[in-house]
Amino acid sequence: MEIMEILQDAFKYPLDNIQALVVYVILGIIAAIALGGTLVGIAFGVSSKNIFTAGIVGIIGFVISFIILLLISGYELDITQYGIRRSMESPRIDFVRQVTNGVKLFIVQFVYFLVPTIITYVLGLFLKNWILYIIALVLFIVFALAAFMAQCRLAKTEDLSSALEINEAINDISRVGLVKIISLVAILIVIFAVLILIVGIIATQRGIIGSIGQILAGIVQVYMVFVMARATGLLYSDV
């Protein structure tokens, strides 16, 4: 698909799947409440000098929040997967599978950013000048793009081993097209920045307008996540 086709489809997709958008918003609210409750519980435990209570509340709240965030990550992968299939369907909650896929995505992202970190550290034992910084920058850019492709591989196959095939993920960059990837991401960043700026200006106003702006900010953030996940899938659909 051409970039303009991807953009048109991606920006239309959330509006055609309001139910999925609402589900995602609810998940986000639950995660925020769980995290907020955790912080309040920890603060209360510390203030009352009950470290044990603070620790228990902190652990439970963190686990709940983390599981919900994994569910959200798995949900985003499903949006990407439907984009790869070029399906207009919207994801449904599949708790076990989506949390499992969220764990897989966490592992993939960890590995793809751990590798250049280790290489840079080893090179740092021998190189101490600007050459190291240039090499490190190139490594992190390459692996960031590879991680982007690995996320698509995971969404397509739900297979962790496939996503961790670093050589294949790097090869996918050329298959999709480096210029195409960078161009799409750059356009999305500019559009998102403009939307955030507009909503941010509204949210800083006082009274009802400011409240409306804050609500819009949350809606726009969720909308952008949907657009990005959909665009990512469509971008990879030609591979």
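This is a predicted model: local features need pLDDT of at least 70, side-chain atom pairs count only at pLDDT 80 or more; totals for chains, interfaces and linings use all residues.
Which residues of helix α7 (residues 166-176) are buried?

The chain is built from nine helices and has zero strands. Read from the N terminus on, its elements therefore follow the order α-α-α-α-α-α-α-α-α. Along the principal axes, the C-alpha trace spans about 55 × 50 × 40 Å. Of the 239 residues in the chain, 40% are buried.

The largest nonpolar core holds 39 residues. Within this core, the residues with the most contacts are Tyr112, Met149, Ile181, Leu184 and Leu188. At least two core residues come from each of α1 (3-16), α3 (51-85), α4, α5, α7, α8 (178-203) and α9 (207-236). Helix α5 gives the most, with 11 residues.

The axes of α4 (residues 95-124) and α5 (residues 130-157) come within 10 Å and cross at roughly 165°. Because of that angle, α4 counts as roughly antiparallel to α5, the cut-off for this being an angle over 145 degrees. The crossing of the two helices is right-handed. Sorted by class, the contact of α4 with α5 has 19 nonpolar residues, six polar ones and one charged one.

Back to the opening question: in helix α7, the buried residues are Ala169, Asp172, Ile173 and Val176. These four cover an arc of only 110° around the helix axis, so they lie on the same side of α7.

As background, most residues other than glycine have a negative phi. Arginine 86 sits in the loop between α3 and α4. Is arginine 86 buried, partly exposed or exposed? Its relative accessibility is 42%, so arginine 86 counts as partly exposed, a class that lies between the limits of 20% and 50%.

The other is glutamate 158, which likewise has a positive phi, near 60°. Glutamate 158 is placed in the loop between α5 and α6 (160-163). With a relative accessible area of 23%, glutamate 158 is partly exposed.

A last stop is valine 122, a residue of helix α4. Because its relative accessibility is 37%, valine 122 counts as partly exposed. How far apart are valine 122 and methionine 88 in sequence and in space? They are separated by 34 residues in sequence, and their C-alpha atoms are 46 Å apart in space.

Key. Residues are numbered from 1 along each chain as its sequence is written. Side-chain values use heavy atoms; hydrogens and water are left out. Buried means under 20% relative accessible area, exposed over 50%, partly exposed in between (1.4 Å probe, protein chains only). The arc is that of the directions from the helix axis to the C-beta atoms. Axes are lines fitted to C-alpha atoms, for helices over the stretch in contact, and angles run from 0 to 180 degrees between N-to-C directions. Angles under 35 degrees count as roughly parallel, over 145 as roughly antiparallel, 65 to 115 as roughly perpendicular and the rest as oblique. A crossing is left-handed if the near helix is turned anticlockwise from the far one by less than a right angle, and right-handed if clockwise. Ala, Val, Leu, Ile, Met, Phe, Trp, Tyr, Cys and Pro count as nonpolar, Asp, Glu, Lys and Arg as charged, and the others, Gly among them, as polar. A nonpolar core is a set of buried Ala, Val, Leu, Ile, Met, Phe, Trp, Tyr and Cys residues joined through side-chain atoms within 4.5 Å.
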